[in-house]
Every structure is written in structure tokens, then in C-alpha cells.
Amino acid sequence: MRRELRRVTGSEPIGPYTLLRLAQGGLDAGIPGQFFMLEAPGRVLPRPMSVCLAEAGELSFLIDPIGPGTRALCALGSGDEIHVLGPLGNGFDLDVERPLLVGGGIGIAPLPYLSQQLGGPPAILGFRSELHAEAVALLPGAEVCIEPVYVTALLPEEHRAVLACGPEPMLAALRTLVPDAQLAWEAPMACGYGACYGCAVEIEGELKRLCVEGPVLCAA
């Protein structure tokens, strides 16, 4: 884990999202599913973001501009600088056979990097609209559905090692359908290393701090 001032090398819109690219410098990209705390300009608290792509000396983050902090990050341009802390948390276990990547909405964010590390396994993705589905460009070859069809309808009959990230209802459904799935949960985070308990969520009656015990947890 390191905190560094990193330079923005570029940003580009992908559907409603923004792909923010930073010079990697001395930062370790970490394990897919881990995250970095990005300090948004003019905001007190940083924002947790998983690595979307790691290549050519850059770390890229897919950001959904839903609030002041994420909008400030999306407004950054080439040459701007921000502080970045990470990698943090627990990522996906990559020692799996017959992996299947499952993503919902902005939950696609860690999957391109995960796909790189696993050699390009099959993937299924669900989005709320055609505009949001433009993000499939980050994961070529993925099977896609648009609401009202949900991504769980695309699960194959044969068992696969599911590695997933997406909204809580999707993850809850996968916990039932694929008990051994690895699920990357989402929650607001203030510190990123377990001190504030701001990201604690109740799973199976037990509180989990997603920044240190997750974000990736086994469904079972």
C-alpha cells in the first residue's frame, strides 16, 4: 500500500461512465478486485475505485459520475494530479478452474483487469440501458443483456467458477444460485483501511468491513 501523487494521462467517456487514466509510477496494480482511494479535487473524503485496466504504465479507473466527488474525478484532464492510496482490501482468488465473469452496471469496472489476469474467460454483463451497455467495449466478446432481462438469466446450466461484481440485488441472487461464487461488494468508504467502519455491511447476520475483509467475499 502506497500513497502517491499521480498525473492524469487522459480520460474518455464510455457510455455514461468516464475511464480515468493515471500514470502508474511506483504503484502496484494489485490483485483484481482490490481498490484504490482516489482523492477528488475539492472533496474531503477520497473515493474507492477498483482498477479497470493496467497496461502501458497506466492504471485506469471506470467512474460513474453520480455525486460531487465522482463528478470531480470525471472532470480531471491530462496533466492534472491527484493523490492515490492503494492497493487496498482483498481481491479475487485467481486460482480457479473454468472461470465465468459476471458484472452488473458499473460492476463491470474490475472485470477487464480480472479478464487480463485470467487469460480472457467468458463473461456475462447486465445493464439498465443501451447507453450503459456501451461499457461492454472494455470487455469484448462478453454476452450482454439489458433490463428487464437480468444477468442471472444468462448463467449457463453447467457449473462455472463465478467471479462477480455488481449491485447488491444481483449479488444476493448469485449467492443463492451459485453458492461458491466470489462476489465483490460495493459500499461507501471513508478511510479504506478499516478504521472508520463506514463500509460495514451485514452479510449472513455478520458485519463485514468491506475495505479490509472484502470487497471480495465468498458467497458461501
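Which residues of helix H2 are buried? In this predicted model, the buried residues of H2 are Leu111, Pro112, Tyr113, Leu114, Ser115 and Leu118. Because six of the eight residues of helix H2, which spans residues 111-118, are buried, the helix is largely enclosed by the rest of the structure. Its buried residues pack against strand S5, strand S8, strand S9 and strand S11, and just after the helix, Gly119 takes a positive phi of about 80°.

| Strand | Residues |
|---|---|
| S8 | 99-104 |
| S9 | 123-127 |
| S11 | 161-165 |
| S5 | 53-55 |

Strand S5 also belongs to an open sheet of seven strands, whose order is S4-S3-S7-S1-S2-S6-S5 and whose pairing is antiparallel. The edge strands are S4, at residues 47-50, and S5, at residues 53-55, each of which pairs on one side only. From one strand to the next, the twist averages 35°. The pairing of S5 with strand S6, residues 58-63, is antiparallel and runs over three bridges, and Glu58 in S6 is the bridge partner of Glu55.

Is Ser50 buried or exposed? With a relative accessible area of 17%, Ser50 lies under the 20% cut-off and is therefore buried. When neighbours within four places in sequence are left aside, Ser50 is in contact with Gln34, Phe35, Ser60, Phe61, Ala109 and Pro110.

How values were computed. Residues are numbered from 1 along each chain as its sequence is written. This is a predicted model: local features need pLDDT of at least 70, side-chain atom pairs count only at pLDDT 80 or more; totals for chains, interfaces and linings use all residues. Side-chain values use heavy atoms; hydrogens and water are left out. Two strands pair if DSSP finds at least two bridges between them. Helices (H or I, at least four residues) and strands (E, at least two) are DSSP runs, numbered from the N terminus. Axes are lines fitted to C-alpha atoms, for helices over the stretch in contact, and angles run from 0 to 180 degrees between N-to-C directions. Buried means under 20% relative accessible area, exposed over 50%, partly exposed in between (1.4 Å probe, protein chains only). Contact means heavy atoms within 4.5 Å.
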